[in-house]
Amino acid sequence: MSDTTLAPETAPESTPSHDVHGGHDEPTGLWSWITTVDHKRIGIMYFLTSLVFLAIGGIEALIIRVQLFAPEQAVVSAETYNQLFTMHGTTMIFLVAMPMAVAFFNYIVPLQIGARDVAFPRMNALSYWIYLFGGIYLNASWLFGAAPNNSWVGYAPLTSTQYNPGLNADFWVLGLSILGVSSIMGGVNFITTIIQLRAPGMKLMRMPIFTWMTFVTSFLLVTALPVIAVALILLAFDRFYATNFFVAASGGDPVLWQHLFWIFGHPEVYILVLPAFGVISDVIPTFSKKPLFGYPVVVYAGVLIGFIGWGVWSHHMFTSGLGPIADSFFVATTMIIAIPTGVKIFNWMATMWGGKIRFNTAMNFAIGLVALFTVGGLSGVMHASAPVDLQQHDSYFVVAHFHYVIVGGILLGMFSGVYYWFPKVTGRFLNEKLGAWHFWTTLIGFNLTFFPMHFSGMYGQPRRTWTYSETLNVELFNQLSTYGGFILGVSTLIFVWNLWKGVKSGEPAGSNPWGAATLEWSIPSPPHHYNFPALPTVQSREPLWHEAERKSIEVVTLADPEVEPEMPNPSYWPILLAAGVTATWALVMTGIWWVPLIGLAFTAFCTYMWAFEDPFAKKGAAGEVTHG
Amino acid sequence: MAEAVLDPGSGQAGGHDASHDEHHYTATGLSNWKVGFWTFIGSECLFFGTLLSTYMVYKGASLEGPYPSDIFDIPLTTLSTFVLLMSSLAMVLGLDGVQKGDRKKASFWLGVVVVFGAIFLGFQYYEFNHFVHEGLTLDHSVFGSTFYVLTGFHGAHVTVGVIWLSTLLIQSLRGKLTPDKALQVEIAGLYWHFVDIVWIVIFVLVYLIP
């Protein structure tokens, strides 16, 4: 923990904050977690759940790598292989990358803007439970031996009842529909939270970049998710009620699915990556001891990415035959979107330039993101060119590209965030030595896995194909990828071990162990359940780096209130309502039109009970509920 | 979203002590429910936008009849559209009644909204029934699929609105819809007007443009 001694002058080392720990005044026990509406607990649940799904998706990936270790192997059947890569992609995107970012939204954003909770605490819990149930439903398909096998993009007619008559695609289309409900509600909640619950003085252009990127991501969620929701609903009608949306023989158009999917799918890429950008935009300044270089430019670049992200979807469809005019347009927009992304890269480098850099694990992962995301970005610009893309489409080159973006960009950013905010969440540090092992095994394992895929792709190895011929000369590359995959597996185990040790016996951390600038570091670690005894007033972008402002804030945020602020009561309606929503969708599977109405009736019942529950009701001595 | 707005805790300051008012602090001074609901409506725009786009993309793609021109009864649908539009007017008057604490006015006009919404749904039921008899079923053709799913989802939204407003109507009749609860009615109104506007777009694009 040599880092703590390096804390800058501005760190409140002499304040009593180091002895102050919140979080001991909360009820414990399983029931208190099931009924919680506290954004911090919900954030922790999001994180742990996404970690479990990361393990599941990771095991799926390793089985894929074992199957591809040598040519013409049959470790798994072709059908099982289809299920493995479909579930690997679907899991990693919808059950790991998105919810892990949401875990950070939940825990960090209210603290960064000086709020006591999100705008709609019970709806927040509802989002979590729907995510959990949707994830369980999707993975329950394995128990039926019918995991989705249509790839994460689910192109028609691979999902049609004619070519895919089993339960596989049913699980996929309904599972994703359930998860979509959760994401839209999350988006509404965080937009409202960020607009409404900023502490006095926290103007938009004073918000930490992580909050800004959450804001942009939330807008993408509420706008992009309805598009995929409609696509999935149309597909569900095709499968369960014999409609003709994507059935070419009846006048339907399979290409419409591709459009709808990618109109959602490309904003989705930015839904995934912007939170990671946000994390490192907070981490890099902290460990460079410099304010973020060009703050407004980073904000505008993020917003611009959010906008242009809507105009590039057809670059996923250059081989679908849209014609030269459409292709040219999307070539141009795709190249344009590289500009704001590149701007951010330079902003991070300029922030580090001339700074007093502390190379700890959080910073290492952040720098790793800058380097590896750039590699993924560059290969992205390569297949932004339609003629080049025609060669690379559906090859392992594309697999290499998006893993550099998703693992090298998003996962590294998430890891950086975990090491950075762990002391805030638990009041303890993660072990830096284990952190170094985690970082270097991730870096080596990651590059060993995915860099050779550029070559195997160029040699012509197609993706989503369960084996390959010896004559393709890609065996060496595949073996390297498999070795790398297992190193990545080991690195994840180190990470989990570190988390476990950190929670159990990590060194204690004070309220602001890194000497960071933003508001979440002004309160005790872990925070009280009400976060802020009273609302602080913010005067600048780096409130804790200005001595006078820090003192004026900490007088408020570290105070022990005589009367604790009133927080909403726990509620069990979120988990019941989530069960109702999940059941409604799952019952569509029966194919009988009225059966889902049973689930819908239960959902309606829970909705009414929810609506007439007073979150601030006080329980009197006789158990009688009185208001206010 | 209905549940969110009916939430008694979301009501305005009535009966709350001073510490309770901190729950209502917002940076903009607007209510959370209003901002959240507008965000939700934005999301709904994309939802119906995608359904409408699908309908437009598939216009004329059906391989066999009945085609739209064979079965649409424009005068009839114009009438049901008029009823739905008038319900929006009633919604405005109902909200005014709640805001002014005029229980009779509020209950009367909220009742009109509910009845007009139900009449619209009745028209839709009749229309669907009639079309099915003409041979246009959900799985018959691309026109059938796109038409029923688009208008069906709109009808489902109207149904939710009717149930929501019925609940408010009962509250009003029991005298519980005091002026400090006007926000709940206002947000139900936002939803209702939105559903109306969507219908106007559907009416123009699906029925009126040949």
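Where does Q184(B) sit? Select it first: Q184(B) lies in helix α8 (residues 182-208) of chain B. Helices here are DSSP runs of H or I with at least four residues, strands are runs of E with at least two, and both are numbered from the N terminus.

Before going on, a word on what you are viewing. This is a predicted model, in which local features need pLDDT of at least 70, side-chain atom pairs count only at pLDDT 80 or more, and totals for chains, interfaces and linings use all residues. Residues are numbered from 1 along each chain as its sequence is written, while chains are lettered from A and ligands numbered from 1 in the order in which they are written.

**Stop 1: around Q184(B)**

Keep Q184(B) selected. Is Q184(B) buried or exposed? Q184(B) is buried, because 26 other C-beta atoms lie within 10 Å. A residue counts as buried with 20 or more other C-beta atoms within 10 Å of its own, exposed with 12 or fewer, and partly exposed in between, with C-beta atoms placed from the backbone.

**Stop 2: the whole of chain B**

Zoom out to chain B, which has eight helices and zero strands. Along the sequence the pattern reads α-α-α-α-α-α-α-α. Of the 210 residues in chain B, 41% are buried. Two residues are in contact if their C-beta atoms, placed from the backbone, lie within 7 Å. Among contacts in chain B between residues at least 6 apart in sequence, 82% join residues at least 24 apart.

**Stop 3: where the chains meet**

Show both chains together. Here 40 residues of chain B are in contact with 42 residues of chain A. On the chain B side, α1 (2-6), α2 (18-21), α3 (32-57) and α7 (142-173) each supply at least two residues. Which helix gives the most? That is α3(B), with 13 residues. The side of chain B that touches chain A divides into 17 nonpolar, 18 polar and five charged residues. Ala, Val, Leu, Ile, Met, Phe, Trp, Tyr, Cys and Pro count as nonpolar, Asp, Glu, Lys and Arg as charged, and the others, Gly among them, as polar.

**Stop 4: α7(A) against α3(B)**

Next, select helix α7 (residues 209-241) of chain A along with α3(B): they pack at an angle of about 40 degrees, with axes 8 Å apart. Axes are lines fitted to C-alpha atoms, for helices over the stretch in contact, and angles run from 0 to 180 degrees between N-to-C directions. The angle makes α7(A) oblique to α3(B); under 35 degrees counts as roughly parallel, over 145 as roughly antiparallel, 65 to 115 as roughly perpendicular and the rest as oblique. Residues making this contact include V222(A) and L234(A) of α7(A), and L46(B) and F47(B) of α3(B). The contact divides into nine nonpolar, six polar and no charged residues.

**Stop 5: a helix pair in chain A**

Finally, select α9 (residues 295-308) and α10 (residues 324-352) of chain A, which pack at about 155 degrees with axes 9 Å apart. That makes α9(A) roughly antiparallel to α10(A). Among the residues that meet here are V297(A) and I308(A) in α9(A), and P340(A) and N347(A) in α10(A). This contact divides into 10 nonpolar, three polar and one charged residues.
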